[in-house]
Structure formats: structure tokens, C-alpha cells
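Please look at the strands of this model and at how they pair into sheets.

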Amino acid sequence: MTDTKLIANLFDRLNQNQLALGAAVEELSNWVEQRGSADIANNVRGALETLDENLEVPYRRDEVAPPVICLVPPSIVLVAQGAKQMWAGGEGFPYDTGRFLVTSLDLPANSEVTLGSPEQPCLGLSATSWPCGSGR
């Protein structure tokens, strides 16, 4: 198996694990709430919101998709399989297994999947956490 296929497989499994963990924790929070601990259940649901916000890490797209308006946060985006393109200021910025995307500020843009299918989905990882230099 090639390195690219190994990385794509890893991203796909990370995505599946993240979805499964979210579902399991949601079930546990429902169980806790049914037993009278609504405060704890609400705390758990708050933590799940973070999981939902980070669901794009890793991401999976099973089909080519036209440009969608978005606000891209400061991030580094890697593609393990497939391809995407970001449009900003009328210029296209493709990224794929050989090119990555870096943004250093909130950037209004359009993003599209240019290569992806159910058999070979577009798989990638977006790192948006910047622990250094965050002003804290």
C-alpha cells in the first residue's frame, strides 16, 4: 500500500472514530440525564459541541461539489486523497496530495471539492488550533 493510501486510510478511520465517539458519548449523556443528573448531562453536551465544531478534522467528501461560500479560519489544510480548490479574490488555489493550503487570517472564500467519489473520497485534515501567538 502506498504512503498516500495509508494516510487516506488513517484519515478515514479517524473520521469514523470521531463520529462513533460522539454517538457513544451522546448516549451516555442521555442515560445520565434520565437518572436525574441534568447538570452533568448538559456539561457533556457542551463538550460534544466542541467535537461537532471540530468535525472537519479530519474531513471526508464523497463527491465533487461546486464552490460554497465559507469563512476559512487561520489553518493548515492537508489532503490525503482527492483534491479541493479555494477561491479568494477571483483567484483559484488548488490543494491536493502534493500541495497544502495555509491561511493566516479569517478569509472569506469559496471552497470546492474537485476530486472525490464514494470509492475514493476526498480525505483531509484541517488544523485550526494555534497555541503559540494566540495573544494569551
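Strand S4 (residues 83-88) is paired with S5 in the antiparallel sense over 6 bridges. Strands here are DSSP runs (E, at least two residues) numbered from the N terminus, and two strands pair if DSSP finds at least two bridges between them. Within S5, Phe93 is the bridge partner of Met86.

The model is predicted, so local features need pLDDT of at least 70 and side-chain atom pairs count only at pLDDT 80 or more, while totals for chains, interfaces and linings use all residues. Residues are numbered from 1 along each chain as its sequence is written, and side-chain values use heavy atoms, with hydrogens and water left out.

S4 and S5 belong to an open sheet of 4 strands with antiparallel pairing, in the order S2-S7-S4-S5. Strand S2 (65-72) and strand S5 (91-96) are at the edges and have a single partner strand each, so one side of each is left without a neighbour in the sheet. From one strand to the next, the twist averages 25°; the axes are lines fitted to C-alpha atoms, and angles run from 0 to 180 degrees between N-to-C directions.

Another open sheet of 4 strands, with antiparallel pairing, has the order S1-S8-S3-S6. Its edges are strand S1 (59-61) and strand S6 (101-103), each with a single partner strand, so one side of each lacks a neighbour in the sheet. Here the twist averages 20° from one strand to the next.

S1 pairs with strand S8 (residues 122-127) over 3 bridges in the antiparallel sense. Tyr59 stands opposite Gly124 in S8, and Arg60 has Leu123 as its bridge partner there. Strand S3 (residues 75-81) also runs antiparallel to S8, joined by 5 bridges, and Val77 stands opposite Ser126 in S8.
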